[in-house]
Amino acid sequence: MEILFKGIDVSKWQGAIDWKKVKQAGVQFAMLRDGFGRYEGQADEYFEQNYKAATEAGIHVGAYHFSYAKTVEQARAEAAYCKKLIAGKTFSFPIAYDVEDSAQASLSKAEVSAIVDAFCSEMEAAGYYVCVYMNLSWLNSKLTDDIFKKYDIWLAHWTDRTSFARSYGMWQYTSDGAVDGISGRVDLDYAYKNYPNIMRQNGLNGYPRESDPASGGAAAGAAFPARRMVTLENTPLYVSSTAKTPAARKTGTFYIYDGKRLNGRYRITNAVDRCGKKPVSENVTGYVDESDLR
């Protein structure tokens, strides 16, 4: 996969950070711990200053919330606390649910998956793009297939070459990194999706929707405006707006080509920079029924 952004993830354990030096060192994004658990007083003591200084330095930011929930109810309470901690802020990278606490190790795959789904669905309902952070072993043993279908993955596997077989949007590939502006070791990450575009185009993580006239985007009320990201899961793909039989089925992330609804279908493309680009035949992947888009 193509690396689009190089980044780090930090918490109070890195102490005070010189974010201008971090930016000059080539870091493009940072995942910031907002806090952990579900109770008042569990905010990361450096979160507010990290957010302010990193964004002022021109670094893309996301956030992650460390979990020790053992029930669905506790996971929902963690989501409520996470929303409180990040309220009023804008994030161009995902809000991640960090699930790796030893207290959860004895839980079954079904139990862990229910916890993850509870947190993530609460965050999605509030307009956030979420992902699940786990190490390789837990990803392979603690999540059911439906979680991988629903949510993005932030893989933690400290190696030069990962053996993880499923798709993922970010990879934490070492905990032993060194970056100017940070004292001591720091986790290093790669991102393979254009998260800033995803957030802006879909009005997520505090960004206004592009369908809002005030944002200068597509016309208000457009169901699927140009450049909107869509997720397909074995979805029928047609060669035209009138074809009766699908030519193939597609799974993965695609983008609305131009936002024009043709006979109940939208044209899609496989890269955001192809949206609206001519000629159509070279840039459109195919046509998808509106009812199959999400």
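**Ground rules.** I am working with a predicted model, in which local features need pLDDT of at least 70 and side-chain atom pairs count only at pLDDT 80 or more, while totals for chains, interfaces and linings use all residues. I number residues from 1 along each chain as its sequence is written, and side-chain values use heavy atoms, with hydrogens and water left out.

**Confidence.** I looked up pLDDT, the predictor's confidence in each residue, from 0 to 100. The protein averages 91, and 95% of the residues score at least 70. Over residues 211-222 the pLDDT is below 50, and this stretch has 12 contacts in the model beyond near neighbours in sequence. I take contact to mean heavy atoms within 4.5 Å.

**Cores.** I call a residue buried under 20% relative accessible area, exposed over 50% and partly exposed in between (1.4 Å probe, protein chains only). A nonpolar core is then a set of buried Ala, Val, Leu, Ile, Met, Phe, Trp, Tyr and Cys residues joined through side-chain atoms within 4.5 Å. I found 55 residues in the largest one, with Ile 8, Trp 19 and Val 116 having the most contacts inside it. Helix H4 (residues 109-125) gives this core its largest share, seven residues. Helices (H or I, at least four residues) and strands (E, at least two) are DSSP runs, numbered from the N terminus. I listed what Val 116 touches, not counting residues up to four places away in sequence: Tyr 97, Val 99, Val 132, Met 134, Leu 143 and Ile 147.

**Pockets.** The search uses a 1 Å grid over the protein atoms alone; a pocket is an open set of points where a 1.4 Å probe fits, with protein on both sides within 12 Å along at least five of seven lines, and lining residues have an atom within 4 Å of a point. Grid points are joined across faces, edges and corners, and a volume is the space filled by probe spheres set on the points.

I noted a volume of about 1,300 Å³ for the largest pocket.

Of its 19 lining residues, Asp 9, Ser 11, Trp 13, Tyr 64 and Asp 187 are the closest to its centre. Strands S1 (5-10), S2 (29-36), S3 (60-67), S7 (170-177) and S8 (186-191) each supply at least two residues of that lining. I class the lining as nine nonpolar, four polar and six charged.

**Helix H7 and the loop after it.** Helix H7 (residues 195-202) is mostly covered, with seven of its eight residues buried. Just after H7, Gly 203 takes a positive phi of about 65°. Asn 205, in the loop between H7 and S9, has a positive phi of about 55° although it is not a glycine. Asn 205 counts as buried because its relative accessibility is 0%. Arg 227 is found in the loop between H7 and S9, and its phi is near 80°. I logged Arg 227 as partly exposed because its relative accessible area is 31%.

**Other loop residues.** Thr 162 lies in the loop between S6 and S7 and touches Leu 155, His 157, Tyr 168 and Trp 171, not counting residues up to four places away in sequence. Ser 241 lies in the loop between S9 and S10. The C-alpha atoms of Ser 241 and Asn 263 are separated by 5.8 Å, although the two are 22 residues apart along the chain. Last, I checked the peptide bond joining Lys 278 and Pro 279: it is cis, with omega about -5°.

Terms used: Ala, Val, Leu, Ile, Met, Phe, Trp, Tyr, Cys and Pro count as nonpolar, Asp, Glu, Lys and Arg as charged, and the others, Gly among them, as polar.
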